[in-house]
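This report describes the fold of a single protein chain. The sequence and the structure are shown first.

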Amino acid sequence: MEHIWRSADAGAHFFNVTGNLRNASATVGQVRPSALLLVPLLKQNVTALLVGTVNGVLATRAQVGHAATATRWRRLGACAQLPLVLVAGLSYQRVSDTIAAATMGRGVYAVLSRPAY
């Protein structure tokens, strides 16, 4: 079974944040969470947790300093911005507020990180 675990205390405790990942990714087979990225949303005092899957990038919110299991995942970007393809790597550039997603066979995509959630 595929799960994503998060810790807010340097690994002393872990919390399952898998939530609706399978349904949100619309994957029939394995979701294959491969790339994880934490992006600070400073104005909202939360952190966005992003995960690369076989169907693109999904995101959820995590309260800063809390291990709350905010596990409602949503797709990041439209298909025109980020195709439904396996994402193997994620990176965040704070200066330009851009997320780069390295895909398997489709290149690297850049998406502005201003999430609507």
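The sections below cover the overall composition, a sheet, the nonpolar cores and selected loop residues.

## Overall composition

The model is predicted. The chain contains one helix and nine strands, and its elements run β-β-α-β-β-β-β-β-β-β from the N terminus.

Of the 117 residues in the chain, 36% count as buried. The accessible surface comes to about 6,600 Å², and carbon and sulfur atoms account for 57% of that surface. Among contacts with a separation of 6 or more in the chain, 41% join residues 24 or more positions apart.

## The sheet β7-β8-β9

Three strands form an open sheet in the order β7-β8-β9, with antiparallel pairing. Because β7 and β9 each have a single partner strand, they stand at the edges, and one side of each is left without a neighbour in the sheet. Direction ignored, neighbouring strands of this sheet are turned by 20° against each other on average. As a general point, strands of a sheet pair through backbone hydrogen bonds, in either a parallel or an antiparallel manner.

β7 covers residues 87–93 and β8 covers residues 98–103; the two pair in the antiparallel sense over six bridges. Within this pairing, glutamine 93 has threonine 98 of β8 as its bridge partner, and tyrosine 92 stands opposite isoleucine 99 in β8. The hairpin of β7 and β8 has four residues between the strands, and aspartate 97 takes a positive phi near 55° there.

Alanine 100 has alanine 110 of β9 as its bridge partner. β8 and β9 likewise form a hairpin with four residues between them, and glycine 105 in the turn has a positive phi of about 90°.

## Nonpolar cores

The largest nonpolar core has 16 residues, and those with the most contacts inside it are Leu37, Val39, Leu50, Val57, Leu90, Ile99 and Ala101. At least two residues of this core come from each of β3 (35–41), β4 (46–53), β5 (56–63), β7 and β8. With four residues, β3 gives the most to this core.

Which residues does leucine 90 touch, not counting residues up to four places away in sequence? They are Ala35, Leu37, Leu50, Val51, Gly52, Val57, Ile99, Ala100 and Ala101. Another core, of eight residues, lies apart from the largest one; Val17, Leu49, Val51 and Trp73 are among its members.

Threonine 18 is placed in the loop between β2 (15–16) and α1 (21–25). Its relative accessible area is 11%, so threonine 18 counts as buried, the cut-off being under 20%. The side chain of threonine 18 makes a polar contact with the side chain of histidine 3 at 3.4 Å. Not counting residues up to four places away in sequence, threonine 18 touches Glu2, His3, Ile4, Thr71 and Trp73. One of these, Trp73, belongs to the core of eight residues.

Proline 83 is found in the loop between β6 (74–75) and β7. This residue is buried because its relative accessible area is 7%. Not counting residues up to four places away in sequence, proline 83 touches Gly56, Arg75, Arg106 and Tyr109. Proline 83 and threonine 103 are 20 residues apart along the chain, and their C-alpha atoms are separated by 9.0 Å.

## Arginine 72

Leaving aside neighbours within four places in sequence, arginine 72 is in contact with Asn20, Ala59 and Thr60. The C-alpha atoms of arginine 72 and threonine 60 are separated by 5.9 Å, although the two residues lie twelve residues apart along the chain.

Notes: Residues numbered from 1 in each chain as written. Predicted model: local features only at pLDDT ≥ 70, side-chain atom pairs only at ≥ 80, totals over all residues. Heavy atoms only, no water. Buried < 20%, exposed > 50% of the residue type's maximum accessible area, 1.4 Å probe, protein only. Contact = heavy atoms within 4.5 Å. Areas by Shrake-Rupley, 256 points an atom, 1.4 Å probe, with all protein chains shown as cover. Polar contact = N/O pair within 3.5 Å; in protein donor to acceptor, adjacent residues only side chain to side chain. Pairing = 2+ DSSP bridges. Core = buried A, V, L, I, M, F, W, Y, C linked by side-chain atoms within 4.5 Å. Axes fitted to C-alpha atoms, helices over the stretch in contact; angles between N-to-C directions.
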